[in-house]
Amino acid sequence: MKMTYEQRKASFDFHTTSNLVFDSHIHKQLEIVYVNEGELHVLAPNINEILSSGDTFIAFPNTLHSYGYTDNNPSNLCSLVICDFEWFDDFSAIMNSMCSKFPIVRKDKIHKDFLYCLDSISQIDADTADSKLIKGYLSVMLSRILSELTLVPLASCVYDNFIHEALVYMGKHFNEKLTLSSVSNQLGVSKYHLSHCFATSINCNFNEYLNSLRIDHAKKLLFTTNKQITEIAFECGFDSACTFYRAFKDVCGTTPRQYRCKSLECG
């Protein structure tokens, strides 16, 4: 199945949308979808389900998923939370190593804490709110959802394409000296096959995806530490400050220094 790699610049996003339809896509963030009204057709590895009002779906990082209408109800209203799982120290290891073969929680299993936090987040202006408050709400939501799921080792989940394995591996080792050859060797395939899978499966080449992982980590370091920009560049896996600056501006549309100043002003 063809999919699109969705490169998201924000570490957190919440929005409520009507008539949610989204073709097959993949991103390294965690995504939670709550159906407020109507029905939602969800497709994911091993999942072909209809969600009704009050049901919740969670897309684990680097997991292919899509949304659509149902024949019985061609309209819906859904709340979406998309965030970097690295925000949560307690859940980061789980997101990197585990999955759920049925990542859906039905209405009768949704805890009231989840609904309270979801409603609270919906009333927050993410651009001006305290990030610690948002993380607190999200931590409770994630905790309540995960407690209702049966988690198994990532290797136990069957995916349509080994590209998922490549994305997970790169997510764990992005700050090392990764190349198309080194990753393909790790996966036991030719570099040409891996390159082809990136191009045909997620419409994003190897270096673009690798840079996006490194830039995401750099953004966190720029905001949460006082490290020199050159130090951050090397820590994220770039071989020079010049390469880092160029990649950062390509992805974020601004320089690392400008990003740090703006983030600190907003924080």
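Predicted model: local features only at pLDDT ≥ 70, side-chain atom pairs only at ≥ 80, totals over all residues.
Two packed helices are described by the angle between their axes and the distance between the axes. For helix 7 (residues 206-224) and helix 9 (residues 241-252), the axes come within 10 Å of each other and the crossing angle is roughly 95 degrees. Helix 7 is therefore roughly perpendicular to helix 9, since angles of 65 to 115 degrees are placed in that class. On the helix 7 side, the contact is made by N211, I215, A218, K219 and L222, which meet F244, A247, F248, V251 and C252 of helix 9. Sorted by class, this contact of helix 7 with helix 9 holds eight nonpolar residues, one polar residue and one charged residue.

Two or more lining residues come from each of helix 1 (89-97), helix 3 (131-146), helix 4 (163-173), helix 7 and helix 10 (256-266). In terms of class, the lining of the largest pocket comprises 22 nonpolar, 14 polar and 13 charged residues.

Turning to charged pairs, seven salt bridges are found when the whole structure is searched. One of them links E49 to R106, with 3.0 Å between the closest N and O atoms. Because E49 belongs to strand 5 (residues 47-52) while R106 sits in the loop between strand 10 (104-105) and helix 2 (112-122), this pair ties together parts of the chain that are 57 residues apart in sequence.

Notes. Residues numbered from 1 in each chain as written. Heavy atoms only, no water. Axes fitted to C-alpha atoms, helices over the stretch in contact; angles between N-to-C directions. Helix = DSSP H or I, 4+ residues; strand = E, 2+ residues; numbered from the N terminus. Parallel < 35°, antiparallel > 145°, perpendicular 65-115°, else oblique. Contact = heavy atoms within 4.5 Å. Nonpolar A, V, L, I, M, F, W, Y, C, P; charged D, E, K, R; others polar. Salt bridge = Lys/Arg side-chain N within 4 Å of Asp/Glu carboxyl O.
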